[in-house]
Amino acid sequence: MRDVTTAQTPQAPVDLDVSPTPLALLLLGREADTASERGVDCPGDLPSPSDPDLVERARAAKEKLGDKVFVLGHHYQRDEVIQFADVTGDSFKLARDAAARPEAEYIVFCGVHFMAESADILTGDDQKVVLPDLAAGCSMADMATAEQVAECWDVLTEAGIAEQVVPVSYMNSSADIKAFTGKHGGTICTSSNAERALNWAFEQGPDRATTKVLFLPDQHLGRNTAVRDLGMSLDDCVVYNPHKPNGGLSVEQLRAAKMILWRGHCSVHGRFSLDSVNDVRARIPGVNVLVHPECKHEVVAAADHVGSTEYIIKALEAAPAGSKWAIGTELNLVRRLANRFAPEGKEIVFLDKTVCFCSTMNRIDLPHLVWTLESLADGQLVNRIEVDRETEQFAKMALERMLALP
């Protein structure tokens with residue numbers, strides 16, 4: 001059965017106790033006409049889902065395409081898009097779901113650019129991956145370019161340690177970075193399997209004690225996994241800044257480090273602070289704080305539970321009725337979970353008090369999806385994401401190493 005949300009009249013949204021910042025209001029359309037545009041007329045909430053005509057047009061185009069199209073919806077998408085997804089999930093789950101549907105000629109990925117690239121790498125040559133809005137990128141993935149990473153490797157080579165370094169790249173990276181990782185004997189990881197990926201990496205060198213990991217591009221996931229899960233110290237980690245000569249590090253620092261963390265972060269999860277945690281505990285006695293491992297180390301250390309997007313969903317599914325939760329991840333998902341579990345008496349609030357949508361993910365809106373589906377239904381291929389053969393070869397090598405992790 002398809003995992004879709006039906007287009008019924010929406011229930012009143014659960015109050016997540018957030019307030020908009022001026023920047024958030026600007027991004028979402030300050031003082032916009034909510035009858036015709038995406039605007040904001042109340043704290044942390046988007047206007048009513050969709051123009052009914054757009055909903056009907058999307059349904060008609062999707063029905064016309066039938067089995068030729070397979071629509072993937074990332075958890076961070078807005079409800080008006082998720083309702084048309086055949087499956088929902090995190091980035092890697094969706095890429096694998098796409099690969100498991102070889103009969104689908106078109107894979108419409110309602111996510112961001114790197115996710116669509118991964119889907120293209122893992123799907124067949126006859127399948128076409130489409131991103132409804134090519135402007136839907138990822139600020140984290142953009143923080144590591146192929147040129148910068150190649151320069152970093154030169155720095156490690158000059159320091160005499162490149163042979164001891166195994167690259168581990170987060171799934172939230174470009175195809176070029178995945179290809180670099182594959183070429184240099186490394187693996188990809190997700191927030192769910194980062195611990196296994198790091199253990200694998202440290203076993204690749206001749207001596208685990210001298211092996212190092214270059215972790216790309218999210219410093220927080222790398223640090224949290226190394227310290228929280230592998231028992232390292234913060235002193236075992238250094239941060240490589242691609243905008244400084246030699247990454248802002250001395251040869252001695254590079255040689256002493258176990259984890260060389262790229263200076264990248266998620267613009268959504270990086271907003272959460274220790275003050276956010278302390279504030280929600282003061283406001284809601286007995287609250288459980290559950291955060292994503294892309295959050296800063298001090299936030300993760302102060303939380304009660306830490307895990308991937310899928311972990312967050314499963315934790316709330318298993319939570320007892322009447323329990324209280326503050327969630328540190330993207331607001332579209334938190335709001336959807338709050339509405340879903342409200343009938344079970346579970347109180348779910350957003351960890352921070354300011355709006356925290358993923359602005360690039362939100363570029364995939366219903367008008368873009370309608371345009372995409374109608375174009376495909378008319379035989380016009382639009383916004384295809386296609387990874388070149390050489391990049392695909394090495395990126396797939398890194399992805400397959402991840403799939404083979406014990």
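Val227 lies in helix H9, where helices (H or I, at least four residues) and strands (E, at least two) are DSSP runs, numbered from the N terminus. The model is predicted: local features need pLDDT of at least 70, side-chain atom pairs count only at pLDDT 80 or more, and totals for chains, interfaces and linings use all residues. Residues are numbered from 1 along each chain as its sequence is written, and side-chain values use heavy atoms, with hydrogens and water left out.

Val227 is buried, with a relative accessible area of 18%. Buried means under 20% relative accessible area, exposed over 50%, and partly exposed in between (1.4 Å probe, protein chains only). Leaving aside neighbours within four places in sequence, Val227 is in contact (heavy atoms within 4.5 Å) with Met232, Ser233, Leu234, Cys237 and His297. Val227 and Ala301 are 74 residues apart in sequence, and their C-alpha atoms are 10.0 Å apart in space.

The chain as a whole has 16 helices and 14 strands. Of its 406 residues, 57% count as buried. Among contacts with a separation of 6 or more, 69% come from residues 24 or more positions apart.

Five strands form an open sheet, in the order E6-E5-E7-E9-E8. The pairing is parallel. Two strands pair if DSSP finds at least two bridges between them. Strand E6 (187-189) and strand E8 (237-240) are the edges, each pairing on one side only. Neighbouring strands of this sheet are turned by 25 degrees against each other on average, direction ignored. Strands of a sheet pair through backbone hydrogen bonds, either parallel or antiparallel.

Strand E5 (residues 165-170) is joined to strand E7 (residues 212-216) by five bridges, and the two run parallel. Three bridges join E5 to E6, also in parallel. Ser169 stands opposite Leu216 in E7 and opposite Ile188 in E6. The bridge partner of Val168 in E7 is Phe215. E5 is mostly covered, with six of its six residues buried. Val165, Pro167 and Ser169 point one way from the strand. Val166, Val168 and Tyr170 point the other way.

Phe215 also belongs to the largest nonpolar core, which has 112 residues. Such a core is a set of buried Ala, Val, Leu, Ile, Met, Phe, Trp, Tyr and Cys residues joined through side-chain atoms within 4.5 Å. The residues with the most contacts inside the largest core are Val108, Phe215, Met259, Val291, Ile348 and Leu373. Leu373 touches Ala58, Ala61, Lys62, Leu65, Val69, Val71 and Val108, not counting residues up to four places away in sequence. A second, separate core of 21 residues includes Ala162, Phe180, Tyr240 and Ile260.

Helix H5 (residues 113-122) packs against helix H16 (residues 389-403) at an angle of about 95 degrees, with their axes 10 Å apart. Axes are lines fitted to C-alpha atoms, for helices over the stretch in contact, and angles run from 0 to 180 degrees between N-to-C directions. H5 and H16 are therefore roughly perpendicular to each other. Angles under 35 degrees count as roughly parallel, over 145 as roughly antiparallel, 65 to 115 as roughly perpendicular and the rest as oblique. Asp120, Ile121 and Leu122 in H5 meet Glu392, Ala395, Lys396 and Leu399 in H16. By class, this contact has four nonpolar, no polar and three charged residues. Here Ala, Val, Leu, Ile, Met, Phe, Trp, Tyr, Cys and Pro count as nonpolar, Asp, Glu, Lys and Arg as charged, and the others, Gly among them, as polar. H5 is mostly covered: nine of its ten residues are buried. The buried residues include Phe114, Met115 and Glu117.

Backbone geometry was examined next. Most residues other than glycine have a negative phi, and most peptide bonds are trans. A cis peptide bond joins Leu216 and Pro217, with omega about -20 degrees. Pro217 is placed in the loop between E7 and helix H9 (219-229). Asn246 has a positive phi, near 55 degrees. Asn246 sits in the loop between E8 and helix H10 (251-256). At 40% relative accessibility, Asn246 counts as partly exposed. Phi of Asn383 is also positive, near 50 degrees. Asn383 lies in the loop between helix H15 (366-377) and strand E14 (384-385). Asn383 is buried, with a relative accessible area of 19%.
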